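Let us walk through this structure step by step. Keep the sequence and the 3D view side by side as you read.

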Protein chains: 2
Amino acid sequence: MTYCVGMLLSSGMVMVSDSRTNAGMDHISTFRKMHVWEQPGERVVTLMTAGNLSISQTVVNLLKEGIADSDGTTETLLTVPSMFRAAQLVGAAVRQVHSMYGEALEAESRGFNVSLILGGQIAGRGLRLFQIYSAGNFIEATVETPFFQIGETKYGKPILDRVLNFDTPLTGGMKIGLISMDSTLRSNTSVGLPLNLVVYERDKLELTINRTIREDEPYFNTIRHLWSNALHNAYVDLPEPDWRQTALQV
Amino acid sequence: MTYCVGMLLSSGMVMVSDSRTNAGMDHISTFRKMHVWEQPGERVVTLMTAGNLSISQTVVNLLKEGIADSDGTTETLLTVPSMFRAAQLVGAAVRQVHSMYGEALEAESRGFNVSLILGGQIAGRGLRLFQIYSAGNFIEATVETPFFQIGETKYGKPILDRVLNFDTPLTGGMKIGLISMDSTLRSNTSVGLPLNLVVYERDKLELTINRTIREDEPYFNTIRHLWSNALHNAYVDLPEPDWRQTALQV
């Protein structure tokens with residue numbers, strides 16, 4: 001399984017991904033699900049993947065090698081002129097992989113299962129965040145819905161629903177992303193460390209943070225510990241129910 | 001969708017269920033998923049259901065009408081001599097419904113989808129909590145794993161994983177159950193009010209609380225409001241990351 005969350009904020013973009021891949025409980029491996037194409041001063045493009053690992057790896061490889069356009073020119077995420085075109089290119093890569101393996105996967109009742117979060121900025125254009133589906137179609141994050149999740153999304157969603165909004169600062173986005181990931185790590189053993197964290201400040205055209213977070217990362221451990229304590233204290237501090245008030249009234 | 005959680009605690013049992021049923025987003029109804037068989041001083045048996053509503057309603061009706069044993073005697077949840085036998089009876093009802101509709105449901109690619117949580121105590125016997133699956137087989141809660149969830153379980157699981165244990169008092173179980181339900185209500189619109197709440201004190205042989213919680217329930221609204229504030233404050237109180245420390249180390 002996988003868990004990735006991407007946030008589009010007024011001050012920039014935060015992406016967090018785990019790195020656990022499993023094909024059955026006895027076949028667990030570590031694969032990076034965060035991919036970065038960066039030309040400082042010119043573009044930052046970040047892609048996170050969930051779903052069948054062979055599909056997502058092939059999609060990423062196609063995006064690195066380049067995809068031929070209808071007029072014969074080959075495009076990569078380092079050459080596309082806009083993030084909208086980048087999302088189309090990722091969609092085209094997904095459809096190309098589908099044409100290669102979709103039928104064979106269906107024949108084995110496995111289905112064609114991949115989803116991706118693409119975010120970034122190209123010089124002279126705006127910062128944008130997209131979620132791309134198995135059919136290559138995609139949606140874009142907005143001020144009202146500033147985050148996307150892929151993979152094992154549910155355990156980590158409540159904190160995003162409650163606290164995150166477009167005006168959350170980047171440090172807040174990092175905190176929420178790490179809490180959301182921690183909730184998922186605790187409740188699903190098929191999501192695991194190390195994590196990858198990317199933080200981008202709007203219009204900087206280079207990444208501020210691109211970091212692998214391992215077991216021994218002090219900040220992540222501090223966050224996990226304090227968050228766990230805070231939840232426990234919040235539960236303890238809630239008022240006790242008034243038994244008489246609630247007794248036996250159906 | 002549905003969300004139900006049942007807890008087996010040293011001091012008793014807490015059960016919470018929602019009441020929303022949907023067959024598509026434009027066909028949403030309210031159905032009680034909490035069923036109680038109570039003979040004060042003699043037995044308390046509580047059953048919560050999730051999955052296909054027609055299946056779970058038929059299972060509950062069979063349990064009320066009675067199921068014929070191999071020797072011809074008809075048993076109901078008011079006549080079974082033990083909770084273990086009660087779990088077997090529920091399993092038998094599930095299998096009976098499967099023999100009636102399983103094939104037809106499969107033919108429509110719907111599958112036979114039902115899961116149940118059964119808890120209670122019969123005079124002279126211990127308090128027990130079971131989860132029953134679509135095949136009629138079941139598992140029992142233990143001191144190490146004192147809760148079961150059915151339906152839309154993931155949003156409400158982190159608080160259970162973090163805070164609940166066998167020695168949590170009944171009022172604590174109520175608080176955790178309502179928080180867990182609130183997290184699910186917020187993140188999934190197909191889970192909805194009113195809720196049903198049952199609280200049983202071990203060896204009392206009658207329910208202490210058997211209550212429907214509606215929009216205007218003051219205690220639930222207080223819990224929701226305080227919990228939301230506490231989470232937000234906990235997030236604000238977390239230390240800010242040290243940007244220099246985390247910068248660009250992959």
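Begin with one pair of residues: A:Ala50 stands opposite A:Ser115, which lies in strand 9 of chain A. Here helices (H or I, at least four residues) and strands (E, at least two) are DSSP runs, numbered from the N terminus. The model is predicted: local features need pLDDT of at least 70, side-chain atom pairs count only at pLDDT 80 or more, and totals for chains, interfaces and linings use all residues. Residues are numbered from 1 along each chain as its sequence is written, while chains are lettered from A and ligands numbered from 1 in the order in which they are written.

Now find the two strands around that pair. Strand 6 (residues 43–51) and strand 9 (residues 114–122) of chain A pair in the antiparallel sense over 9 bridges. Two strands count as paired if DSSP finds at least two bridges between them. Strands of a sheet pair through backbone hydrogen bonds. A:Arg43 of chain A stands opposite A:Ile122 in strand 9. A:Arg43 is also the bridge partner of A:Gln39. Strand 5 and strand 6 of chain A pair over 6 bridges, again in the antiparallel sense. Their hairpin has 3 residues between the strands, and A:Gly41 takes a positive phi there, near 85 degrees.

How many residues of strand 6 of chain A are buried? The count is 9 of its 9 residues. A residue is buried if 20 or more other C-beta atoms lie within 10 Å of its own, exposed if 12 or fewer, and partly exposed in between; C-beta atoms are placed from the backbone. In a regular strand the side chains alternate between the two faces of the sheet. In strand 6 of chain A, A:Arg43, A:Val45, A:Leu47, A:Thr49 and A:Gly51 point one way, while A:Val44, A:Thr46, A:Met48 and A:Ala50 point the other way.

Contact means that the C-beta atoms of two residues, placed from the backbone, lie within 7 Å. Buried residues of helix 2 of chain A include A:Met83, A:Leu89 and A:Val97. Helix 2 of chain A also has a kink of about 55 degrees, centred on A:Tyr101. The bend at a residue is the angle between axes fitted to the seven residues ending there and the seven starting there. After helix 2 of chain A comes A:Ser109, with a positive phi near 55 degrees.

Finally, look at both chains. The contact takes 42 residues from chain B and 41 residues from chain A. Helix 5 (218–237) of chain B is among the elements that each supply at least two residues to the side of chain B touching chain A. Helix 5 of chain B gives the most to that side, with 12 residues.
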